[in-house]
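Colleague: Please take me through this model, beginning with the terms you rely on.

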Amino acid sequence: MKVLKNFLKETDFSLLIPCLLLSAFGILMVHSATLYKITEGSILHRDTLVMLIAVVAGIVACLIISIIDYEFIIRLWPLIAVVSLALMLALFKWGVSPNGRDDAFTWLLVPKINITIQPSEILKIAFIITFSMHIDMLKDRINEWKSILLLFIHGMIPISLVIVTGDLGSALVFIAIFIGLLFLSGVYLRYFASAAAFGIAAAPILWMKFFSEFQKNRFLAVYKPSALEEYTYETIIYQQKQGINAIGAGGLKGSGLFKGVYTQNGLVPESRNDMVFTVICEELGFWGAILLLALLTFVVIRILLVAKSTRDNVSKLLCWGAAIMIGAQVFINIGMCLKLLPVIGITLPFMSAGGSSNFCVYLAIGLVLSVYRFNKDREPINYRLIHLSTPFSD
């Protein structure tokens, strides 16, 4: 009873409960988005069921991680790095392409049980851990040019891997974590200026050598439609165009749960995944979208507050990394749905279908909960033995 009481007392429910609400919200919206696909005799579509299982498994993993001291976890960084990189490298031999994306190989198919995992999601958590540890080990030497070079190499390894496998969405999230952690760690601005100049110079090479024709067309469709033939433009922009129509159809109050015309007729491609925000806007309207954004913003702010209350640098870095990961994905996904950014394949945290993304976001939350638990002032445990008879007792 004492152990359970301490567990509950030391758990940050102000972070955990909003995450659970978001996941419940997400499962409901994915169920709505897949309602028209459910076969007779089934209650849930397979995508909804997979999401539900991943969320439950993620919550269990989150709670287990939360009771393990984060200092023990980060000491395992070499093993974490090797396992996550091995999974990414396995994509080059056994990688599976998403539907309609022959230019990418981002999933690993698990035989017999016929499910896929996305190694880049696991790599995000591994990168937060290893990069935080790397920065913490450098301490006051972080602004030496040798340190910056090593940090740059560290960051470019996962970024390069996800770009080569065709996962541009994840690449942007890695870049956000990389830049964000360096900036918050006090790296001089002149290094960022040099990196920006390098990035601008390398952009044409990246465009020509690493971007597929399909990826180039997605960028051009948003930022320079005149560069595409009309048929190509209409094909590429169709998903976002339908998404904008669905958002507009929702208005302030929405069409009603399970009543969205675009959602229930499957008129927005991938509405259960990358475009789930359009489902929320159509069926729950502007106020439903505001509620979602408020919950997501609260989660990010709460993680930053946990970071602020920590006693050591590495725990701050872990929390900052988790907050940046979630915040960057929200920004990119919603920007994509609003046609402000090209479609690059990125999930909305807690909301989109997908086992890997839902499971791994709870791994990040588990790390934050561990930081919260082991930075609290803990009550001393009384190990005094009573009613013990010894030769020395009176």
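Modeller: Helices are DSSP runs (H or I, at least four residues), numbered from the N terminus. The model is predicted, with pLDDT of at least 70 required for local features and 80 or more for side-chain atom pairs, while totals for chains, interfaces and linings use all residues. Residues are numbered from 1 along each chain, and side-chain values use heavy atoms, without hydrogens or water.

Colleague: Which helix gives the most to the lining of the largest cavity?

Modeller: A cavity is a set of points on a 1 Å grid where a 1.4 Å probe fits but cannot get out, lined by residues with an atom within 4 Å of a point. The largest cavity has 14 lining residues, and Gln329, Thr347, Pro349, Ser357 and Val361 are nearest its centre. At least two lining residues come from each of H6 (119-138), H14 (313-337) and H15 (355-374). With four residues, the leading contributor is H15.

Colleague: How many charged residues does the lining of the largest cavity have?

Modeller: Ala, Val, Leu, Ile, Met, Phe, Trp, Tyr, Cys and Pro count as nonpolar, Asp, Glu, Lys and Arg as charged, and the others as polar. By this scheme the lining of the largest cavity has eight nonpolar and five polar residues. The charged count is one.

Colleague: How many residues apart are Glu10 and Arg373?

Modeller: Glu10 and Arg373 form a salt bridge (Lys or Arg side-chain nitrogen within 4 Å of an Asp or Glu carboxyl oxygen), with their closest N and O atoms 3.7 Å apart. Glu10 sits in the loop between H1 (2-9) and H2 (13-33), whereas Arg373 belongs to H15. The pair thus joins distant parts of the chain, and the separation is 363 residues.

Colleague: How many salt bridges does a search of the whole structure find?

Modeller: The pair Glu10 and Arg373 forms a salt bridge. Over the whole structure, the search gives a total of seven.

Technical notes. On a 1 Å grid over the protein atoms alone, a cavity is a set of points where a 1.4 Å probe fits but cannot get out, and a pocket is an open set with protein on both sides within 12 Å along at least five of seven lines; lining residues have an atom within 4 Å of a point.
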